[in-house]
Amino acid sequence: MLDRPPGQVWSEAVFNVALGIGGGHLRTELERILTRLDLVRTVTTHESPETAIHSAAGRSDPLGPALVFLVLDELRPAAVAMLAESDLRSVLLVTRTADVDLAQIARIPSAGILDAEDLSPYAVRDCLERIAIGELPIPARLAHRLLTSKTADTRRPPRLTPREREVVPLLVEGMSNKQIARRLEISQHGAKRLVGSIMAKLDSPNRTFAVTRILREGLHTSRAPREAHLDEEPLPPVAAPDPYVLECQHTT
């Protein structure tokens, strides 16, 4: 994450964007918006998600990270697998947020989600700013569906370590790995490992769905049970008081 404090205005180019959209009005409109945003350094267009992912994954640019825009309805299993292996950040465009398959979205790793039917320069810019500071942009209507979904999870709540429970509320706040490391005074690698472990235990492909499950199940408010340290010596047993001594103390 780029670790920019929330609310601070971005004035320099940040992302190199690859559009993996088949064509049509959506790609034209998105390209027009992105080329006019000062957060975007370059924009390249590709005829398919696979070529966009391959191009962005092979690009090494120290001036800005790659970001791939993809349409949910155009993603085939091969593209989803490529995206997961590439470790790229992506923005997923969805249509019909009221009817979209939540399970399908959950299987696709993404850094943010945009409503393709409500595309505007403000919405795109807000999405990019949130991704840049480590937040998880998602349309309000889709977020509401995720939080109120009737598809109850029958699995047991995950067994999190005390350290992982410290990370959970920081994830809900939208903190990046770097920010979590600073807050907990640990290495960034350690923060990344903790976040990855939490996401695995929550069976979530990305932070958006990890945070959704955390909020839905109230995991951010539960407290870890107190655990004794292995190196602590047990306290000696307390002997029962002698009745004769108590009687003497009472009569003196």
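Here come some questions about the terms, each answered with the values behind it.

Q: What are the ground rules for this model?
A: It's a predicted model, where local features need pLDDT of at least 70, side-chain atom pairs count only at pLDDT 80 or more, and totals for chains, interfaces and linings use all residues. Residues are numbered from 1 along each chain as its sequence is written, and side-chain values use heavy atoms, with hydrogens and water left out.

Q: What makes up the chain in terms of helices and strands?
A: There are 11 helices and 5 strands. Both are DSSP runs numbered from the N terminus: H or I over at least four residues for helices, E over at least two for strands.

Q: How do you know which strands are at the edges of the sheet?
A: Strands pair if DSSP finds at least two bridges between them. The open sheet runs β2-β1-β3-β4-β5, with parallel pairing. β2 (40–46) and β5 (112–115) each pair on one side only, and that makes them the edge strands. On average, neighbouring strands are turned by 25 degrees against each other, direction ignored.

Q: What makes β1 and β2 a pair?
A: Strand β1 (residues 15–20) is joined to β2 by 6 bridges, and the cut-off is at least two. Ala 18, for instance, has Thr 44 in β2 as its bridge partner. Helix α5 (residues 121–132) packs on this sheet, touching β1, β2, β3, β4 and β5. The direction of α5 makes about 175 degrees with that of β5.

Q: How do you know that β3 and β4 pair?
A: Again, count the bridges: 5 of them join strand β3 (residues 66–71) to β4, and the two run parallel. Phe 69 stands opposite Val 91 in β4.

Q: Why is β4 called largely enclosed?
A: Buried means under 20% relative accessible area, exposed over 50%, and partly exposed in between (1.4 Å probe, protein chains only). In strand β4 (residues 89–94), 6 of the 6 residues are buried, so the rest of the structure largely encloses it. Both faces are covered, with Arg 89, Val 91 and Leu 93 buried on one side and Ser 90, Leu 92 and Val 94 on the other. For the whole chain, buried residues make up 41% of the 252 residues.

Q: Why is α2 called roughly parallel to α3?
A: Helix α2 (residues 49–57) and helix α3 (residues 77–86) pack at about 15 degrees, with axes 9 Å apart. That angle makes α2 roughly parallel to α3, because angles under 35 degrees count as roughly parallel (over 145 is roughly antiparallel, 65 to 115 roughly perpendicular and the rest oblique). The axes are lines fitted to C-alpha atoms, for helices over the stretch in contact, and angles run from 0 to 180 degrees between N-to-C directions.

Q: What makes the contact between α2 and α3?
A: Contact means heavy atoms within 4.5 Å. From α2 come Pro 49, Glu 50, Ile 53, His 54 and Ala 57, and from α3 come Ala 79, Met 82, Leu 83 and Ser 86.

Q: Why is Asn 177 called buried, and where is it?
A: Its relative accessible area is 17%, so Asn 177 is buried. Asn 177 sits in helix α8 (residues 177–184).
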